[in-house]
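Please look over the sequence and the structure before reading on.

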Amino acid sequence: VSDFVMPYFVVEGKKVKQPIKSMPEIFRFSIDELLKEVEEIYKNDIVAILLFGVPTKKDEFGSESYSENGIVQKAVRTIKKELPEIIVITDVCLCSYTTHGHCGILNKNKEIDNDKTIEVLSKIALSHAQAGADIVAPSSMMDGQVKSIRDILDENGLKDVAIMSYSAKYASNFYGPFREAADSSPKFGDRKSYQMNYCNIKEALREVEQDIKEGADIVMVKPALAYLDVIRAVKENFNIPVAAYNVSGEYSMVKAVAEKGWLDEKNLVLEILTSIKRAGADIIITYWAKQVVKWIEI
Ligand code: PBG
């Protein structure tokens with residue numbers, strides 16, 4: 001149970017608990033509702049959460065993402081004040097904050113400007129850490145993002161804030177429901193210039209190696225189920241905690257077959273999550289975290 005991380009989508013407002021159509025039983029919560037939810041899962045032994053902000057303000061540069069009073073920053077402050085023991089991880093990315101929906105800053109030719117983007121990612125990570133995040137999780141797959149985040153945290157006296165890098169993040173077809181939840185679909189093109197080609201495994205190892213050199217404390221493979229070989233290879237090649245992200249499409253796929261009555265949800269989920277563990281994951285990020293602890297006999 002202590003391996004699980006529960007992801008949450010957080011929105012402005014009060015008493016908001018908004019269902020996400022393509023992700024049954026997952027909601028967008030306002031901070032007050034999120035706090036109740038987090039208190040409940042913490043009582044049930046979930047020790048960590050991963051926060052995604054769904055902001056009301058977007059612009060070309062995603063400038064709301066590092067605002068001191070941004071939705072994630074406020075949520076982190078509230079949760080860490082009320083429940084200091086829970087580990088709060090924040091997703092560090094731009095796609096929910098930019099009008100174009102890409103994970104970075106665009107140049108004149110509408111290509112991602114890697115180096116401008118990592119400056120912004122560093123500001124986001126710093127603002128999350130200053131709000132009280134225990135771990136920041138850069139997910140935009142820019143080169144050098146871990147080093148620039150490590151540098152800015154250290155310069156600001158935040159050396160104990162850890163980095164969980166989305167190191168081997170594939171350009172996957174399994175992210176669709178998440179993009180509905182986070183309102184983060186690219187408005188043109190795709191993410192193939194920064195996320196990895198799913199044909200490749202050696203590239204994943206190079207990405208992981210690079211992130212470790214830059215100072216990552218935890219490396220992640222994402223998605224999980226179609227990438228068990230990658231999880232295993234990372235686990236065998238490096239001596240560092242490995243996280244696996246059991247992503248939205250993996251969740252929704254099972255929910256859909258279960259709704260049709262074709263397969264049994266509980267048994268499927270226990271088998272899937274066990275396979276991710278068996279492959280070598282030390283940490284499993286899953287939308288089932290809240291539910292599965294009730295299924296597992298402790
Ligand atoms: C943001 C981000 C994405 C996910 C996590 N962080 C979406 C994407 O890259 O398009 C996907 C998570 C999921 O599908 O559950 N860059």
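A polar contact is a pair of N or O atoms within 3.5 Å. With that cut-off in mind, a polar side-chain atom of Gln195 lies 2.8 Å from an oxygen atom of the ligand. The model is predicted, and the values below are computed from it.

- In the side chain of Arg191, an N or O atom is found 2.9 Å from an oxygen atom of the ligand.
- For Lys222, an N or O atom of the side chain is 3.4 Å from a nitrogen atom of the ligand.
- Of the 400 Å² of accessible area that the ligand has on its own, the protein covers 100%.

**The space and shell around the ligand**
- The largest cavity is the space taken by the ligand.
- Two or more residues of the shell around the ligand come from each of the elements β7 (162–169) and α5 (176–182).
- The ligand is surrounded by 19 residues, and the closest are Lys169, Arg179, Lys222, Ser248 and Tyr287.
- By type, the residues of this shell divide into 11 nonpolar, 3 polar and 5 charged.

**Aromatic pairs**
- The structure holds 11 aromatic pairs, one of which is formed by Phe52 and Phe178.
- The ring centres of Phe52 and Phe178 are 4.9 Å apart and the planes stand at 75°, so this pair is edge-to-face, given that planes over 60 degrees apart count as such.
- Phe52 belongs to strand β4 (residues 48–53) and Phe178 to helix α5, so that the pair links distant parts of the chain, 126 residues apart.

Technical notes. Residues are numbered from 1 along each chain as its sequence is written. This is a predicted model: local features need pLDDT of at least 70, side-chain atom pairs count only at pLDDT 80 or more; totals for chains, interfaces and linings use all residues. Side-chain values use heavy atoms; hydrogens and water are left out. A residue is near a molecule or strand if one of its heavy atoms lies within 4 Å of it. A polar contact is a pair of N or O atoms within 3.5 Å; within protein, one must be able to donate a hydrogen and the other to accept it, and residues adjacent in sequence count only if both atoms are side-chain atoms. Accessible areas come from the Shrake-Rupley method with a 1.4 Å probe; for residues, only the protein chains shown count as cover. On a 1 Å grid over the protein atoms alone, a cavity is a set of points where a 1.4 Å probe fits but cannot get out, and a pocket is an open set with protein on both sides within 12 Å along at least five of seven lines; lining residues have an atom within 4 Å of a point. A molecule sits in a cavity or pocket if more than half of its atoms lie within 2 Å of its grid points. Helices (H or I, at least four residues) and strands (E, at least two) are DSSP runs, numbered from the N terminus. Ala, Val, Leu, Ile, Met, Phe, Trp, Tyr, Cys and Pro count as nonpolar, Asp, Glu, Lys and Arg as charged, and the others, Gly among them, as polar. Rings of Phe, Tyr and Trp (its six-membered ring) pair if their centres lie within 6.5 Å; planes under 30 degrees apart count as stacked, over 60 as edge-to-face and the rest as tilted.
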